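Good morning, colleagues. Please look at the sequence and the model on the screen while I speak about charged side chains.

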Amino acid sequence: MSPLSIPGFTEQRVTVDDGVALHAAVGGSGSPVVLLHGFPQTHLMWRHVAADLAADHTVICPDLRGYGASDKPAETGADVYSKRTMGRDVVRLAAELGHDRFTLAGHDRGALVAFRTAMDHPQAVARALFLDVLPTLDMWDALRGVSGAVGFHLYLMAQAPGLPEEMIRGAADSFFSYFLDAWTNDPTALPADVRRHYLDASAAAVDSIVADYRASAGIDVEHDTVDRADGDQLAMPVTVLQQDWGAALGYHAEGLWSAWAPDLRHRTVSCGHFMAEEDPKLIAAEIRALADR
């Protein structure tokens with residue numbers, strides 16, 4: 001466990017599946033908000049936002065299955081790291097902590113988990129906020145031609161077990177550091193101790209991180225394809241904040257999201273990918289506005 005923590009929050013482990021417990025930081029009081037981290041990070045990415053929201057909300061920040069101090073089950077089948085399974089973890093975590101309905105926000109990989117959670121459990125997810133992603137089907141469609149090289153890691157980790165894990169383990173610091181450097185506009189937002197925590201946590205979770213990404217090139221696509229064919233949509237109010245990736249990759253982000261979320265507020269922001277750390281006041285304000293809606 002990292003010595004770093006969110007001030008005023010308690011940390012605990014909650015069993016959510018057979019042999020799987022999630023590590024979570026919990027603080028504040030009021031209506032519940034669950035915050036899901038992205039790659040290559042842990043729940044600590046929410047430290048500023050969570051402390052802000054805790055003034056008037058109960059805030060739950062887990063490490064996702066396979067990340068941080070949460071359990072990392074072996075990839076014995078395609079469903080172990082499907083977003084459906086990881087979303088079920090989130091609902092069970094919240095229920096174990098006494099919350100059957102909550103506002104859910106996710107960044108990057110956590111946003112994909114949040115998307116599937118909201119699709120599968122509309123009775124639990126009252127409102128949803130997604131930071132800097134497209135839904136899985138749209139993400140793969142957007143990565144075309146040489147401009148799609150920005151997503152090289154998606155293709156690497158989509159490969160069969162063995163080679164991706166070996167390659168990443170062989171240069172873990174360089175691999176994970178690349179994304180921390182390339183995706184941030186303000187390096188001071190990731191202080192040395194926090195950065196070291198992310199690198200160490202990711203290096204200790206290579207197999208499960210790759211399994212998470214592999215699921216997004218397989219079973220997660222299958223689940224989203226069924227929803228699209230059936231015309232299923234997100235039933236709750238949705239906020240999406242994104243960088244202007246569409247300008248570089250040639251897609252209209254708001255249009256893609258509106259097909260999934262009829263009650264949508266979409267906003268393009270100027271900070272880097274790690275926006276909860278680069279502009280925490282903005283992100284906290286957006287989550288609070290949605291949660292209080």
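Is Glu277 buried or exposed? At 5% relative accessibility, Glu277 counts as buried, where buried means under 20% relative accessible area, exposed over 50%, and partly exposed in between, with a 1.4 Å probe and protein chains only.

Before I continue, please note that this is a predicted model, in which local features need pLDDT of at least 70, side-chain atom pairs count only at pLDDT 80 or more, and totals for chains, interfaces and linings use all residues. Residues are numbered from 1 along each chain as its sequence is written, and side-chain values use heavy atoms, with hydrogens and water left out.

The partner of Glu277 in a salt bridge is Arg47, with 2.6 Å between the closest N and O atoms; a salt bridge is a side-chain nitrogen of Lys or Arg within 4 Å of a carboxyl oxygen of Asp or Glu. Glu277 lies in helix H13 and Arg47 in helix H1, so the pair ties together parts that are 230 residues apart in sequence. Helices here are DSSP runs of H or I with at least four residues, numbered from the N terminus. Arg47 is also buried, at 10% relative accessible area.

A further salt bridge joins Asp52 and Arg288, whose closest N and O atoms are 3.0 Å apart. Asp52 belongs to helix H1 and Arg288 to helix H14, 236 residues apart. Asp52 is partly exposed at 31%, whereas Arg288 is buried at 18%.

Finally, how many salt bridges does the structure hold? The count is 25.

Notes. Helices (H or I, at least four residues) and strands (E, at least two) are DSSP runs, numbered from the N terminus.
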